[in-house]
Amino acid sequence: MRISRSLTIKQMAMVAAVSTVFVLIFCAILFFHFVQQNRLTTATQLESIARAIRQPLSAAILKADIPQAEMILRRMQSAGMVSQADVVLPNQFQALRVRFIAERPVPVMITRIFELPIQISLPIYSLEKPASPQALAYLVLQADPYQASKFIMSTLSTLVTAYFLLVLMLMVAISWCMNRLITRPLRKIARELHGLSPADRPGHQLTLPPLHHDDEMGLLIRSYNRHQQTLQRLRHDPAAPTAGVAQIPLASKAYLMTRLDQIARQRQTSALLVITCETLQNRSQTLTTAQGELPGLPVAEQLGKIISPQMVLAEISGDNFAILATGMNNPQQALELSKQVLTVITEPLPQHDTPLCLSASAGVTFFDGTLNAEQVYEQAFSAALAARGKGKNQLAFFDPQKMFQTTHEG
């Protein structure tokens, strides 16, 4: 079960990436909220301390008693969070400074990001309260930046731990849900289809899981079961209008582009032929639902008679087909194949007891692996449009320098 394990690993990687990003954003928001809340709390405490000593400090400053003012400031040492107190006059002259805690180193990055240290400035007024009071001085209190940085680092380490735990829990929870809802049902379906014998494949039905009645997996299983039932009915009713579908090796455009990409990478010389059927395009608009259910089916049956098993026959749309011919050695071989295709496709075809004469145009390009899949397809389609512009049953070969047209009468 290599595919299932690879799917589980990719799911786990996507879940881990998405969970990591969203939880990281959540933890970052939570971290800055805690730091800002601590900043506001510290500033509030500093303001409360300053208001408690503002009145006696105002009396000491008014008397110009510097020793008394210094003694009042030193009483704040018991608070423990104030590292420095300054008395600044209105002319920005520093009259007094008291330092309570010795400076300790704080990382410069933390200081710049979180604007440390935290400080407040409180005006000190005269006790007489004149009509237009002016501040005698300003009391500036500064909190210890080292304690603030310790709180920041402690909060960061706690949130980093919580971050990894949240990511782990989300990964386990979401991975368990994905394993239960997606991986296990897909693994069961893959094992069931892989273990089918050739005799049991026709009409095989998948069991719809109980939790997937209204999602994409349920839609996929119901579509598979309906397809199998249709094939089973066609197998027992050869007279049905679409009885030959299972025998026609008709590929899709997506498969054609995948094969083109593989051939381009391997640098194989090949040819791509695009056929446009104007008759089918016009007729599909007038046929009834029963008659026009698969308008391109007779064309595909005719083309399937001349192509080899190594070639790829693809239906681009209801009236456009493509043939990928690998192993072509020169453009002449591609032209010969194109002529055979136009000869076969323009033969009268029975369509509900009414002969159907098709008119078609074909464009062919020869490539040797120097172009990518999109470029090769565009060249062949451009050649088909050029042939269609020349009239009915025309063939055009794409050349990088010029376009060669070869007329083919149907």
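# Exercises on a predicted model

Helices (H or I, at least four residues) and strands (E, at least two) are DSSP runs, numbered from the N terminus. The structure is a predicted model, in which local features need pLDDT of at least 70, side-chain atom pairs count only at pLDDT 80 or more, and totals for chains, interfaces and linings use all residues. Residues are numbered from 1 along each chain as its sequence is written, and side-chain values use heavy atoms, with hydrogens and water left out.

## Exercise 1: the whole chain

Task: State how many helices and strands the chain has, and what share of its residues is buried.

Solution. 
- Step 1. Take the elements. The chain has ten helices and 13 strands.
- Step 2. Take burial. Buried means under 20% relative accessible area, exposed over 50%, and partly exposed in between (1.4 Å probe, protein chains only). Of the 410 residues, 38% are buried.
- Step 3. Look at contacts, that is, heavy atoms within 4.5 Å. Take those between residues at least 6 apart in sequence: 68% of them join residues at least 24 apart.
- Step 4. By the Shrake-Rupley method with a 1.4 Å probe, where only the protein chains shown count as cover for residues, the accessible surface is about 24300 Å². Carbon and sulfur atoms account for 58% of that surface.

## Exercise 2: helix α10

Task: Find which residues of α10 are buried, and explain why they lie on the same side of the helix.

Solution. 
- Step 1. Locate the helix. Residues 373-390 form α10, which has 18 residues.
- Step 2. Check its length. From first C-alpha to last, α10 reaches 26 Å, close to the 26 Å expected at 1.5 Å a residue. The expected span is 1.5 Å times one less than the number of residues.
- Step 3. List the buried residues. They are Ala373, Val376, Tyr377, Gln379, Ala380, Ala383, Ala384 and Ala387.
- Step 4. The arc is that of the directions from the helix axis to the C-beta atoms.
- Step 5. Name the cover. It includes α6 (253-266), β6 (270-277), β11 (360-367) and β12 (394-397).
- Step 6. Go to the N-terminal end. Asn372 caps α10 there, with a side-chain oxygen 3.4 Å from the backbone nitrogen of Glu374.

## Exercise 3: helix α4

Task: Find where α4 kinks, and by what angle.

Solution. 
- Step 1. Helix α4 covers residues 145-194, which makes 50 residues.
- Step 2. It reaches 68 Å from first C-alpha to last, close to the 74 Å expected at 1.5 Å a residue.
- Step 3. The kink is about 45° and is centred on Asn179. The bend at a residue is the angle between axes fitted to the seven residues ending there and the seven starting there.
- Step 4. Look at the start of α4. A side-chain oxygen of Asp144 comes within 3.3 Å of the backbone nitrogen of Tyr146.

## Exercise 4: His204

Task: Decide whether His204 is buried or exposed, and name the side chains that it meets in polar contacts.

Solution. 
- Step 1. His204 lies in the loop between α4 and α5 (216-236).
- Step 2. Its relative accessibility is 10%, so His204 is buried.
- Step 3. A polar contact is a pair of N or O atoms within 3.5 Å; within protein, one must be able to donate a hydrogen and the other to accept it, and residues adjacent in sequence count only if both atoms are side-chain atoms. The His204 side chain makes such a contact with the side chain of Glu192 (3.0 Å). Another joins it to the side chain of Tyr224 (3.1 Å).
- Step 4. Leave out residues up to four places away in sequence. His204 then touches Glu192, Leu193, Leu196, Tyr224, Asn225 and Gln228.
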